[in-house]
Amino acid sequence: MIRMQYTSISRATAEHYSWGADCDAWHLVKDAALSVIEEQMPPASSEELHSHRSAQQFFFLLSGEVTMEVEHEEVHLHAGEGLHIPPRVRHQISNRSRESARFLVICQPPSHGDRLVTGPGS
């Protein structure tokens, strides 16, 4: 039997990166088959409309509220709610509120390097 060492993971110990305008992210799980990222978006921020070739994603809101545009439809998420995005489905997350939003993005397989940017009229 192989012995593994288990350690807790938090934003304090996870790999950090920034994206968009002042948005932060922490890789809680960064594996070849699975990615779990905690992200934080300040008020009045958003990402660009895009899809992923093969990654499916699940967004789960921890605090605040966000608007997800999914194939030209808006879905509003509040803390404790989530949304599954299959591969090749165009989507965009926006924080239109006055408070920061924190959420988990769970991807299988990982979505980094799998992104297809599409314009608003695509």
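Leaving aside neighbours within four places in sequence, phenylalanine 59 is in contact (heavy atoms within 4.5 Å) with Met68, Glu81, Gly82, Leu83, Ile85, His91, Ile93, Phe103, Leu104 and Val105. This is a predicted model: local features need pLDDT of at least 70, side-chain atom pairs count only at pLDDT 80 or more, and totals for chains, interfaces and linings use all residues. Residues are numbered from 1 along each chain as its sequence is written, and side-chain values use heavy atoms, leaving out hydrogens and water.

**Nonpolar cores**

- A nonpolar core is a set of buried Ala, Val, Leu, Ile, Met, Phe, Trp, Tyr and Cys residues joined through side-chain atoms within 4.5 Å; buried means under 20% relative accessible area (1.4 Å probe, protein chains only).
- The largest nonpolar core has 19 residues, and Phe59, Met68, Ile85, Ile93 and Phe103 have the most contacts inside it.
- Two or more residues each come from strands S2 (23-30), S3 (35-41), S6 (56-63), S7 (65-70), S9 (82-85) and S11 (101-108); strands are DSSP runs (E, at least two residues), numbered from the N terminus.
- With 4 residues, S11 gives the most to this core.
- Ala14, Trp26, Leu28 and Val36 are included in a second, separate core of 5 residues.

**Cysteines**

- How many disulfides are there? Counting pairs of cysteine sulfur atoms within 2.5 Å, the total is 0.
- Cysteine 23 is in no disulfide, and the nearest cysteine sulfur, that of cysteine 107, is 15 Å away.
- Cysteine 23 is buried, with a relative accessible area of 0%.
- Cysteine 107 is also buried, with a relative accessible area of 0%.

Conventions
Buried < 20%, exposed > 50% of the residue type's maximum accessible area, 1.4 Å probe, protein only.
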